[in-house]
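Subject: Structure for your review

Dear colleague,

Please find the structure below, together with its sequence.

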Amino acid sequence: MKRVDDYRLRLGQHELVPLIIGGMGVDISTAALALEGARLGGIGHISDAMIKTVTDRRYDTHFVREKLKLYRQNIGNTDKSIVQFNLEHLAQAQRLHVSRTMEAKRGEGLIFINCMEKLSMNAPRETLRVRLRTALDEGIDGITLSAGLHLGSFALMEDHPRFRDAKLGIIVSSLRALQLFLKKSARLDRLPDFIVVEGPLAGGHLGFGMDWKQYDLTSITLEVLAFLKEQQLSIPLIPAGGIFTGSDAAGFLAMGCAAVQVATRFTVTEECGLPTKVKQEYFRAAEDDIEVNTLSPTGYPMRMLKNSPAIGAGNRPNCEAYGYLLDGKGHCAYIDAYNREVAAHPEAKKVSVKDKTCLCTHMRNFDCWTCGHYTYRLKDTSRRQPDGRYQLLTAEHVFRDYQFSTEGTIALPA
Ligand SMILES: Cc1cc2nc3c(=O)[nH]c(=O)nc-3n(C[C@H](O)[C@H](O)[C@H](O)COP(=O)(O)O)c2cc1C
């Protein structure tokens, strides 16, 4: 049987190991993790989710503090429409994150950035424009458009000098979403350079409803492959979601896919941004400990560990400091849910909000433990130590295991 290393992903003049480490916000797919993917000849993703928080932590900037200072007087106000991002600061943060990562790049692989449309930041077009164009300015190899249909995103970059040379692609979960995107991009005479098809077993937000169990990655992939063939479009197709072993990956490559995108296996690596204690939660998780719920204010279902501290927490909305999920009118579904609970329990010092979560706050604090469906198999990828904890893996170990393993095997660490 063939293995991943028997294939190569061709993107322009690049010839790559057909393995992509998917973007995981907020700084779960760190620059260090992405850089390993590139050093080993594949593709690694950084993410620009909550970028100002990320640079404050990594590069000692003070963007969050400054924004909070500016809008502090609005904290008690339900209407968050005045809480706007300073676009110059946004550009500075993006510049730092991308340029530092690109300066550190070694090897033949590539670094892409994951840009989620659902991070509407109280000014969807303006903020996305800055995020995309600044990433291009700073030399990012490619951009993966995610969490949204992105029907206007190519147009936001159209007049950028790197619009036709950077690798630009999109994540979709259905042929229909892809067709809509292709229709729009055809008008700019610019097809995507790659397409990621993300199935229902992925981590993070899902591009499906709560009926996600009715879908499967293989069927959607075959449908999209057939469509591309029929349309005579030779765009690399990259499945994602639940590809847990090198053999799973090789199966998709044999089917005609150009590469695979994976993430969950890398959540328990040293380079991953999750705190060490949280990585142990991922290792320990049983199948029953994982759920898909509707707590995310984005409106997309999200998969997470049931014991995530974010679930049922009732903190005051932190939009003045963060506010990444505010739609263009200063609104977020968590604000409504929180206010409803406060009104229902006027005496309570602290409320519990069960139906929505303040995603900005909890992603920032690594308290929303989003994960892929097969997180419960992570324990089989490492060794349990005498103290009960699992040995963390290196990104190189996991990458090479995907690249070289056969027969469904998973190499344990030395
Ligand atoms: C912890 C975690 C966080 C994620 N965050 C994001 C994200 O911010 N944006 C995104 O487009 N995809 C996100 N994903 C999806 C991955 O990029 C990837 O496509 C998917 O999880 C692959 O499936 P696998 O985890 O089963 O390998 C996340 C996945 C995980 C596990």
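A residue is called buried here if 20 or more other C-beta atoms lie within 10 Å of its own, exposed if 12 or fewer, and partly exposed in between, with C-beta atoms placed from the backbone. Helices (H or I, at least four residues) and strands (E, at least two) are DSSP runs, numbered from the N terminus. The model is a predicted one, in which local features need pLDDT of at least 70 and side-chain atom pairs count only at pLDDT 80 or more, while totals for chains, interfaces and linings use all residues. Residue numbers start from 1 along each chain as its sequence is written.

Strand β13

In strand β13 (residues 302–305), M302 and M304 point one way and R303 and L305 the other, and all are buried. In a regular strand, side chains alternate between the two faces of the sheet. Two strands are said to pair if DSSP finds at least two bridges between them. Strand β9 (residues 204–205) is joined to β13 by 2 bridges, the two running antiparallel, and H205 stands opposite M302. Strand β12 (residues 290–293) also pairs with β13 in the antiparallel sense, over 4 bridges; here V292 has R303 as its bridge partner.

Strand β5

Strand β5 (residues 110–116) is mostly covered, with 7 of its 7 residues buried. One side carries L110, F112, N114 and M116, the other I111, I113 and C115, and both faces are covered. Strand β4 (residues 43–47) runs parallel to β5 and is joined to it by 5 bridges. Strand β6 (residues 142–146) is likewise parallel to β5, with 5 bridges between them. N114 of β5 stands opposite S47 and has T144 of β6 as its bridge partner.

Helices α4 and α5

The axes of helix α4 (residues 87–103) and helix α5 (residues 124–137) come within 9 Å and cross at roughly 30°. Axes are lines fitted to C-alpha atoms, for helices over the stretch in contact, and angles run from 0 to 180 degrees between N-to-C directions. Helix α4 is therefore roughly parallel to α5, a term for angles under 35 degrees. The contact (C-beta atoms, placed from the backbone, within 7 Å) is made by L87, L90, A91, Q94, R95 and V98 of α4 and by E126, T127, V130, R131, T134 and A135 of α5.

Yours sincerely

Key:
Parallel < 35°, antiparallel > 145°, perpendicular 65-115°, else oblique. Contact = placed C-beta atoms within 7 Å.
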